[in-house]
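Please look over the sequence and the model shown here before working through the exercises. Each task is followed by a solution in steps.

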Amino acid sequence: MLTAVAEAVQEPLTFVERDVPDPGPGEVLVKVTACGVCYTDLDVLQGHWPGARFPVVPGHEIIGVVAAVGTGVAFPPVGLTVGAQILGDSDRRCDYCVRGEQILCPHKRFTGIDFDGGYAGYAVLKADFVSPLPDGLDPVAAAPLMCAGLTAFNGLRQAGIAATSRVAVIGASGTLGTLAVRYAVAMGARVAAVGRSDRGEAAARELGAELFIATAGRDPGEALAAWDGGADVILNAAPSTSAAAAVYSGLAPDGTLVLCGYGPEPLSLPTGTLPLRRPHVMFNPSGSPHNARETLAFSAAHGIVPDYTPIGLRDVNATLDTMAKGHPGKRSIIVF
Ligand SMILES: [Zn+2]
Ligand SMILES: [Zn+2]
């Protein structure tokens with residue numbers, strides 16, 4: 001099978017032919033249908049992920065069909081279409097795992113980082129960390145739901161979104177931000193989109209945002225606070241910590257700023273009278289298997305999948321180069 005391998009940091013991926021691997025106990029062999037190219041893949045390749053294993057096959061937005069199962073696997077069966085996410089393994093015995101919060105496990109392992117992922121014709125995955133793809137979701141378009149979608153959906157949920165919430169999404173033009181806007185609208189919330197310039201306004205309104213705040217030349221927190229008292233949830237989808245900090249003062253009392261995106265710079269927040277509003281600040285690193293199932297079910301029920309550009313496996317270096325230059329555009333999905 002054709003396989004893209006990251007041999008070392010800052011090196012282009014190499015393409016090699018490998019034998020199709022066998023699943024071990026508790027594992028499934030998945031014939032990959034599609035794998036999204038995520039910004040985290042780029043982060044790993046640029047050396048921004050401490051402890052990443054090299055060589056490794058990247059890719060953690062995987063949809064594929066179970067081709068074989070290892071010993072002891074009762075589910076999923078051969079032939080079922082499943083998705084795999086960045087959280088790929090955990091110790092299954094700590095308190096977090098026992099309560100279904102494997103994403104918090106101190107011994108969690110990541111797909112395409114700690115073990116080989118989906119930039120290959122087949123992937124071996126832990127059976128209890130893949131999620132069945134619900135009917136009605138296109139198996140290619142659904143690939144980014146396993147990371148960008150899961151992170152956006154779970155971020156809104158973790159931040160306590162309700163049908164009456166006012167939700168602001170920073171970075172609403174990227175895949176994660178676009179999905180966050182669509183999920184929040186579908187959950188019944190009122191949505192504001194926050195972007196650098198007015199260029200994103202028409203697209204954000206088309207997704208269902210009632211307000212667009214361009215940050216250029218104004219205090220976006222002040223503009224957000226003027227929106228009926230501020231946002232109950234601010235979701236940062238931009239890869240910038242300072243973008244989130246700049247909007248923080250637009251939180252309503254008891255509101256939550258959730259950082260799904262962040263940059264290398266520290267998070268520095270103003271104080272003054274803002275602490276008197278009892279603000280909450282949290283990060284959201286993807287989600288656990290049950291969050292992935294909920295994300296897929298909700299996306300299927302509401303017909304939410306991202307726009308994407310299909311590419312071949314050998315196109316992936318060019319795609320990563322474009323992403324590194326800061327030209328985001330639609331998500332690229334490797335189609336096998
Ligand atoms: Zn654990
Ligand atoms: Zn990702």
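Predicted model: local features only at pLDDT ≥ 70, side-chain atom pairs only at ≥ 80, totals over all residues.

Residues are numbered from 1 along each chain as its sequence is written, and chains are lettered from A and ligands numbered from 1 in the order in which they are written.

**Exercise 1.** Find how the chain is divided into domains, and describe the side of domain 1 that touches domain 2.

*Solution.* Begin with the bounds, which come from an automatic or database domain assignment: domain 1 covers 2-147 + 287-335, and domain 2 covers 149-283. Next, note that the C-alpha centres of the two domains are 27 Å apart. Then turn to the contacts (C-beta atoms, placed from the backbone, within 7 Å), through which 17 residues of domain 1 meet 13 residues of domain 2. On the domain 1 side, helix α8 (residues 289-302) gives the largest share, six residues.

**Exercise 2.** Determine which strands pair with β14 and in what sense.

*Solution.* Pairing requires at least two DSSP bridges; β13 (residues 231-236) meets β14 in the parallel sense over five bridges, with A231 opposite L251. Finally, β15 (residues 280-283) also runs parallel to β14, joined by four bridges, and there H280 is the bridge partner of T256.

Technical notes
Contact = placed C-beta atoms within 7 Å. Helix = DSSP H or I, 4+ residues; strand = E, 2+ residues; numbered from the N terminus. Nonpolar A, V, L, I, M, F, W, Y, C, P; charged D, E, K, R; others polar.
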